[in-house]
Amino acid sequence: MSDAIESNVAQRAGGRVSVGGSSFALGPGFKALFYKECLRFWKVAFQTIVAPVVTTLLYLLIFSHVLESNVKVYDGRVAYTAFLIPGLVMMAVLQNAFANSSSSLIQSKMMRSIIFVLLPPITSFELFCAYVFGAMVRGLAVGLGVWLITFPFVGAAAAVPQHPLWVIGFAAGGSAILGTLGLIAGIWSEKFDHLAVFQNFIIMPLTFLSGVFYSIHSLPAFWQGLSHFNPFFYMIDGFRYGFFGIADVSPWRSLAVVGFFVVALSAIALRMLATGYKLRQ
Amino acid sequence: MRLLESLVVNSNRSRDTAVEVVDVCKSFPKVRALDHVSLRVEQGEFFALLGPNGAGKTTLISILAGLTRADSGSAKIMGFDTVSRYREARSNLGVVPQELVFDPFFTVRETLALQAKYYGVVGADAWIDEILHHLDLTGKANTNMRALSGGMKRRVLVGQALVHKPPVIVLDEPTAGVDVELRQNLWTFIKRLNGEGHTIILTTHYLEEAEALCNRVAMLKGGRIVALDTTANLLRGMSGITVQVSADAVPPRWQARGSVQASGAFGFTLSGYPELETLLSAYREANIVVREMKLGEADLEQAFLKLTSRESSAAEAA
């Protein structure tokens, strides 16, 4: 048994351990931290998965009941409830991806248990991937739950996307962006108050003003123009295109915006991790 | 036990360097935590890092562990620089932090298993069982960390530091909050690890522990090393005895050398037993009745106080 462990720890020579691998390889440290991030939210699944699904369902019940007969979207080619569902699914994906990485970081920083991932030989790239992939898994799990539970409202035929690859691409890209933003927020925040600033003054307004509940074509020209500066709009619009083949802007343009933010935010997060910003003194 | 057999990391006890710190400086806003600190710990040593609060012990440990970056100087673990070869350096190091930290989501076993996986240790169940056994935590293996007492959490921290079998183990105040019996068990375990070749670096406020366990001692004060020697040499430098005398007064010739202790007795530091006879003669000549007398030999605590107070005096004089 011990020999088996010994051979897996690393190569030992003269009593010392040597480690191989490049800075961009994903080694055992990544796998362990990714597993821990998933296990962490799975242990409190009622709070992290079931509760957001139920909350999103309430949005659907209220908005579809009140607005179904009063709001026309895409010139009436799509029923309002059917239009609403992809927006709500994506909103759930984005909010929960952000919540996962940000809460994991801030909790472990506040409780000082962050030391357990800072002491081992885990690279900053591995740390980045583990936290972001963990956030993506939770965001996508909640999104999947919301999507499945909305079937009875529009029927399976209307709920199934016309272009699944666009749906998967934007869900992955959106959750990666918000998972990365959560990582940045978690590293930057020194207390829960700081994180609340991110959540209440950035994530929530940008989500609600991104076209989850409406098509931006129904807005006055000024607000319509302003919406084009909201990256969340592109995530939701592109995701919705995957369902209906209709969108406010070209899905390729949305994909380019999502791609840009994935790269830009990843670069910032990796830089923070590599320099030990607010993690190592 | 198989545990100890499997813990053999360097049975030939070669005298290669386990930890090397060269001219390390570290400042925080308003405080210079480390001021040109250099020291070397050989493989297999049981080394004590002593000093009052704020001396820089934890900062030095944090630099070794990669949690803090030195402003200048370098630190190596088993020959690996803690910055340029940080992955190798961290793989060779296990740290028991001073703070009682834990992840509230997991059980004791999950905590140890996760920590093992962070270091790339797979198939560690039997190994974890052995650690749990030696730390008297077998019965709590499936208990959530939140439900453990402070002493148990401390022992889990020790387990986490050992789970990847590091050749160098740093224990930062490992027995704080641990009751006497468990403290003894812990030291027995750590001593056996040291006997098997692990290098142990210890900080503690219990100086008698350092005296009993450690071969060499570094004393830090104000971020500087004020003493770095073998425990035996430090104690040798403290030749003499201490005497506490319970009596109504101090003989006139001895008043300058006596100090009132917390117990109310008068304390004297003497050069040796011949001077004790001189002291007692003085009491007889002065017709002062000695009700009780306690003798003590020089210990690490006295050496520590002497060295740190000498350093303070030097600093004031400068």
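Student: Which residues does Val170(B) touch, not counting residues up to four places away in sequence?

Tutor: Val170(B) touches Ile61(B), Leu64(B), Leu93(B), Val95(B), Val96(B) and Ile201(B). A contact here is a pair of residues whose C-beta atoms, placed from the backbone, lie within 7 Å. Before we go on, this is a predicted model, where local features need pLDDT of at least 70 and side-chain atom pairs count only at pLDDT 80 or more, while totals for chains, interfaces and linings use all residues. Residues are numbered from 1 along each chain as its sequence is written, and chains are lettered from A and ligands numbered from 1 in the order in which they are written.

Student: What makes the largest nonpolar core a core, and which residues have the most contacts inside it?

Tutor: A nonpolar core is a set of buried Ala, Val, Leu, Ile, Met, Phe, Trp, Tyr and Cys residues joined through C-beta atoms within 7 Å. The largest such set has 149 residues, and Leu64(B) and Val170(B) have the most contacts inside it. Helix α4 (residues 80–110) of chain A gives the most to this core, with 16 residues.

Student: Why is helix α2 (residues 57–65) of chain B called largely enclosed?

Tutor: A residue is buried if 20 or more other C-beta atoms lie within 10 Å of its own, exposed if 12 or fewer, and partly exposed in between. Nine of the nine residues of α2(B) are buried, so the helix is largely enclosed by the rest of the structure. Among them are Ile61(B) and Leu64(B), both touched by Val170(B). Gly66(B), with a positive phi near 80°, follows α2(B).

Student: What makes strand β8 (residues 199–203) of chain B largely enclosed?

Tutor: Strands are DSSP E runs of at least two residues, and helices are H or I runs of at least four, numbered from the N terminus. Five of the five residues of β8(B) are buried, so β8(B) too is largely enclosed by the rest of the structure. Thr199(B), Ile201(B) and Thr203(B) point one way, Ile200(B) and Leu202(B) the other, and all are buried.

Student: Why is chain A called as compact as a globular protein of its length?

Tutor: Chain A has twelve helices and two strands. The globule rule, 2.2 Å times the number of residues to the power 0.38, is set against a radius of gyration taken over C-alpha atoms. For 281 residues the rule gives 19 Å and chain A has 21 Å, which is close, so chain A is as compact as a globular protein of that length. In chain A, 47% of the residues count as buried.

Student: How do you know where confidence in chain B is under 50?

Tutor: pLDDT is the predictor's confidence in each residue, from 0 to 100. Chain B averages 84, and 87% of its residues score at least 70, but pLDDT stays under 50 over residues 1–15. For the complex, the predictor gives an ipTM of 0.84 and a pTM of 0.82.

Definitions and conventions. Contact = placed C-beta atoms within 7 Å.
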